Amino acid sequence: MKLLVTGGAGFIGSAVVRLAMARGHSVVNVDALTYAACLENVAEWADHPNYAFEKADIRDRAALDAVFAKHKPDAVMHLAAESHVDRSIDGPGDFIETNITGTYNMLEAARSYWVAQGKPEAFRFHHISTDEVFGSLPNDPSVKFTEDTPYDPRSPYSASKASSDHLVRAWHETYGLPVVLTNCSNNYGPFHFPEKLIPVVILNALAGKDLPIYGKGDNIRDWLYVEDHADALLLVVEKGELGRSYNIGGENERTNLELVKTLCAILDQKRPKAQGSYADQITFVTDRPGHDARYAIDPTRIRNELGWRPSVTVEEGLERTVDWYLANEAWWKPLQARAGVGIRLGTGEAKKETA
C-alpha cells in the first residue's frame, strides 16, 4: 500500500513509518516539524524511492489537498496531534486547533480525495487516538477500558482527542468515509521525545538530578512498547473492520513509582553510580490537576478479531529503552533544550503523538 502518515516524524508516527517501510509499503510522511518532531527518527529511509516527506500542517487544508493530489495514497494513518497533557493544561488552544480543527481538515481532505477517485473500496482513513478519552478507572484489576466504555475525558488534551474521535465516526456515518479507529495505552521505547516520563527519568538519573513523581506515585498506567503498537496499527489499517474501533494495550499495568524504580534498577546494573542507587534521586511533587488514577486496556477485540497481542513485556521493553538512550546521546542531547521542560522535568506522562 501507499500510506499517508501524518505525524511521521514524531515518536509513534516514526515507528509506524520505519515498520511500514521495512515491510515494503510506500510511505508519504506528512509532518509540520513542530517542537517534538525529529526527521532523524526516520533518517534510515530518507533516500528510499518508496519514501516521501512533505512538510505540511494539518491545520492548512490547502496544503493537505495538494499532498493528496500529488501522492494519491491508498490509506491514511492519522497520528499528528498535540499530545502532552501538561502542555494542554498550560495552553489548551494549540490542542483545540491541531487535534480538533486539524482532524476536521484531514477528514475533509481525505473525503474530497476519496470522492474524486471514485470512492475506491480499498481506501481507509485510520484515526489513531488515546485511552485517555475514557477518563479514569478505579483501582480494580477486573475493570478495564473496552471499546464500549463511555467517553469521560478529564484534561484539555483528552477532551480534544475525544472530539476528534467523534468527528471521525460522524464522517463515517454521515458521508460513508471508510474509517477505522484505535485507542492505545501509554507508549514508550526508542526515539521518545525527552519531555515524557520514561526518557526524563533515564536522562535525569544519568545527570544526577531529581526524579520527580506526581503525588504518591500510585497512578497506574498500561505500558505499550512503541514497536508493538506500530505493528498493531498496520494490522488494523490492513484488516480492521470499517467503522470499528480497536483498543490497543500492552497488558503491562504498573504504578508510576513501580515504573521509575524498575528504570532505576536497570540503570544501577548498566551504568552504576559511584555510591548508592539511582532510586535515591526519587522525589515526590504536588499532583497535577485532573490526574487520572488508572488506565488499563482490555484488548480482547483486537486479539480475537485480528489475532494481535503485544510481544514485549514491560521489563524487557524498559531494558531495551534504557540501552537505546545510553547508546544514542547524540540524538537526545540536542532535543532536551528544545523540550523546554526545565521547570517541570519528570512530571510529564508518556502519551500519544506529536504534530
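Start by selecting S245, which sits in strand 10; strands here are DSSP E runs of at least two residues and helices are H or I runs of at least four, numbered from the N terminus. Residue numbers count from 1 along each chain as its sequence is written. You are looking at a predicted model, where local features need pLDDT of at least 70 and side-chain atom pairs count only at pLDDT 80 or more, while totals for chains, interfaces and linings use all residues, and side-chain values use heavy atoms, leaving out hydrogens and water.

Is S245 buried or exposed? S245 counts as buried because its relative accessibility is 8% (buried is under 20% relative accessible area, exposed over 50%, partly exposed in between, with a 1.4 Å probe and protein chains only). Now show E147, R169, L181 and R301: S245 contacts these, leaving aside neighbours within four places in sequence (contact means heavy atoms within 4.5 Å).

Seven strands make up an open sheet with parallel pairing, in the order 3-2-1-4-5-6-10 (two strands pair if DSSP finds at least two bridges between them). At the edges, strand 3 (51-55) and strand 10 (245-248) each pair on one side only. On average, neighbouring strands are turned by 20° against each other, direction ignored (axes are lines fitted to C-alpha atoms, for helices over the stretch in contact, and angles run from 0 to 180 degrees between N-to-C directions).

Zoom in on strand 5 (residues 124-130) and strand 6 (residues 179-184), which run parallel and are joined by six bridges. Here S129 stands opposite N183 in strand 6.

Finally, select helix 6 (residues 197-207) and helix 10 (residues 314-327), whose axes come within 11 Å and cross at roughly 55°. That makes helix 6 oblique to helix 10 (under 35 degrees counts as roughly parallel, over 145 as roughly antiparallel, 65 to 115 as roughly perpendicular, the rest as oblique). Show side chains: I198, P199, I202, L203 and L206 of helix 6 meet L318, T321, V322, Y325 and L326 of helix 10. Nine of the eleven residues of helix 6 are buried, so this helix is largely enclosed by the rest of the structure. Just after helix 6, stop at G208, which has a positive phi of about 75°.
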